[in-house]
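Please open the model in the viewer and keep the selection tool at hand.

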Amino acid sequence: MPFVSFRPALPLIAAAALAACAGGPPVPDWQVKSVAHASRYTQAYLLGNERVARREFEQARQQAASTGQPEQVARVELTRCALQAASLDFAPCTGFEALREDAPPAEAAYADWLAGQASAAQAALLPAAYRAIAAANAAAPAAADAAAALKAIEDPASRLIAAGVLMRSQRASPAVAALAVETASAQGWRRPLLAWLGVQQRLAQQSGQAEEAARLRRRMDLAAPLPAAAPKGQDAPDAPGAASAAKPL
């Protein structure tokens, strides 16, 4: 199955150590390293640390590519696309599309779901956390049903990914946006938090709630990263994501 939030990374690394101690077959070194890099990539990306995220993603991909197995590289690429969806960045998943021809059906189903194009039959191929919300989404659920299905997803990253897919499918209610903000805020994940706060701000503006829109703007300003210190005599660069914080990425 595609990597989703990489919380399985720790059990996998532990399993490798236990297998070595017990004399059983060890988990391949490339797999341990790829999952570890992908786990760090996930955290860095959600925190908005672009430099670290880029480096860790490349390392995860290189380890997966060392196998010569398209499905392993596809899973790393799908991780990037899933986290982008969680942060409302709906750019095409070009890294996976280059591998689609050789990818297993489960990976193709996951990519289609992230793009808001999965069929009802593909829902059964998705990671377990997403099957209920994917099936409900295919059946055109009420907004309350979508929010309830989203809340039932326990893993925070997985919940944000599913929320992003609902937004892409134009099924994200104000309740979905509120839950996404709550989830990202609780984890301190700046990138999705700013994107979802931007959704709430626009909803407030559209409904004429000027005070609420201003409050959300202040919250976005608070969460925005401070600009990096510039060398003497140069202007400081803009904070990453600050210019686009008022709208989904």
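How many residues has α4, and how far does it reach from its first C-alpha to its last? Helix α4 has 17 residues and reaches 24 Å between those two atoms, close to the 24 Å expected at 1.5 Å a residue. The expected span is 1.5 Å times one less than the number of residues in the helix. Helices here are DSSP runs of H or I with at least four residues, and they are numbered from the N terminus.

Before moving on, please note the ground rules. The model is predicted, so local features need pLDDT of at least 70 and side-chain atom pairs count only at pLDDT 80 or more, whereas totals for chains, interfaces and linings use all residues. Residues are numbered from 1 along each chain as its sequence is written, and side-chain values use heavy atoms, with hydrogens and water left out.

Keep α4 selected. Of its 17 residues, 14 are buried, so the helix is largely enclosed by the rest of the structure. Buried means under 20% relative accessible area, exposed means over 50%, and partly exposed lies in between, for a 1.4 Å probe and protein chains only.

Next, select C81 and C93. The structure holds one disulfide, a term for a pair of cysteine sulfur atoms within 2.5 Å. It joins C81 to C93, with 1.9 Å from S to S. The pair links distant parts of the chain: C81 is in helix α4 and C93 is in the loop between α4 and α5, twelve residues apart. The torsion about the S-S bond of C81 and C93 is about 90 degrees, so the disulfide is right-handed. Both C81 and C93 are buried.

In the loop between α4 (70–86) and α5 (94–97), select L88. Its phi is positive, about 65 degrees, although L88 is not a glycine. L88 counts as buried, at 0% relative accessibility. For another positive phi, select Q170, which has a value of about 60 degrees and is not a glycine either. Q170 is found in the loop between α9 (156–168) and α10 (174–187). Is Q170 buried or exposed? At 76% relative accessibility, Q170 counts as exposed.

Return to α4 and select R80 and E77. These two form a salt bridge, with their closest N and O atoms 2.9 Å apart; the term requires a side-chain nitrogen of Lys or Arg within 4 Å of a carboxyl oxygen of Asp or Glu. Both residues lie in helix α4, three residues apart, about one turn of the helix. An α-helix has 3.6 residues a turn, so residues three or four places apart point the same way. R80 counts as partly exposed at 27% relative accessibility, and E77 counts as buried at 3%.

Now select F57, in helix α3. Which residues does F57 touch, leaving aside its neighbours within four places in sequence? F57 is in contact (heavy atoms within 4.5 Å) with Y41, V76, E77 and R80. At 3% relative accessibility, F57 counts as buried.

**Aromatic rings and charges**

Rings of Phe, Tyr and Trp (its six-membered ring) pair if their centres lie within 6.5 Å; planes under 30 degrees apart count as stacked, over 60 as edge-to-face and the rest as tilted.

Select R191, which lies over the face of Y45, at 4.0 Å from the ring centre. A charge sits over a ring if NZ of Lys or CZ of Arg is within 6 Å of the ring centre and within 35 degrees of the ring normal. R191 also forms a salt bridge with E50, the closest N and O atoms being 2.7 Å apart. This pair links distant parts of the chain, with R191 in helix α11 (residues 190–206) and E50 in helix α3, 141 residues apart.

The last stop is W113 with Y130. The structure holds five aromatic pairs. W113 and Y130 form a tilted one, 4.5 Å centre to centre with 35 degrees between the planes. W113 lies in helix α6 (residues 105–114) and Y130 in helix α7 (residues 128–138), so the pair ties together parts that are 17 residues apart in sequence. Both W113 and Y130 are buried.
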